[in-house]
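Hi,

Here is the structure I promised to pass on.

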Amino acid sequence: MAFLNALGLFYMFLALAIVCDEFFMPSLDVLSERLSIPPDVAGATFMAAGGSAPEFFTAMAGMLQRPPGDVGIFAIMGSAVFNVLFVIGMCGIAAPDALYLTWWGTSVCHFIGF
C-alpha cells in the first residue's frame with residue numbers, strides 16, 4: 001500500500017510540474033508584461049496567491065457549510081506557517097551558493113523606484 005501511495009504522490013508531483021511549466025509560466029509572463037512589473041515580483045506575488053488560494057477556499061467552504069465544519073481560520077494560519085517555514089527552508093537548502101538576504105529585496109526596490 002505504501003508503494004502505491006508513493007507512486008501516486010510521484011505522479012501528482014509530475015503532473016503539477018507539467019501543468020506549471022506548460023500553462024502557469026506562460027500566463028505569468030503575459031501578466032508581468034501587461035502589468036509592467038518585473039517577472040520576479042510577479043512570480044512572487046502570483047505564486048503567493050496561488051499557494052494560499054486552495055487553503056482559503058477550503059476554509060471558506062468549511063465555515064459556510066451547515067453545521068459548521070472543523071476547518072476554519074486556524075487551517076489557513078497553519079498552512080501559512082508551513083509555507084513560510086518549509087518553502088523558505090527548502091529554497092535555502094536547494095540554493096547552490098550562499099544566500100545573502102537584505103531587509104529590502106533588490107527587485108522590490110527597483111520596482112518602487114529606489
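A quick definition to start: on a 1 Å grid over the protein atoms alone, a pocket is an open set of points where a 1.4 Å probe fits, with protein on both sides within 12 Å along at least five of seven lines, and lining residues have an atom within 4 Å of a point. Volume is the space filled by probe spheres set on the points, which are joined across faces, edges and corners.

This is a predicted model, so local features need pLDDT of at least 70 and side-chain atom pairs 80 or more, while totals for chains, interfaces and linings use all residues. Numbering runs from 1 along each chain as its sequence is written, and side-chain values use heavy atoms, without hydrogens or water.

On to the largest pocket, which holds about 1,100 Å³ of space. Its lining has 22 residues, with Met 47, Ala 48, Asn 83, Val 87 and Cys 91 nearest the centre. Helices α1 (2–35), α2 (39–64) and α3 (73–94) each give at least two residues to that lining; helices here are DSSP runs (H or I, at least four residues), numbered from the N terminus. The largest share, nine residues, is from α3.

Now for Asp 40, which sits in α2. Asp 40 counts as partly exposed because its relative accessible area is 44%, between the cut-offs for buried (under 20%) and exposed (over 50%), with a 1.4 Å probe and protein chains only. From Asp 40 to Leu 28 is 12 residues in sequence and 10.0 Å in space, C-alpha to C-alpha.

Cheers
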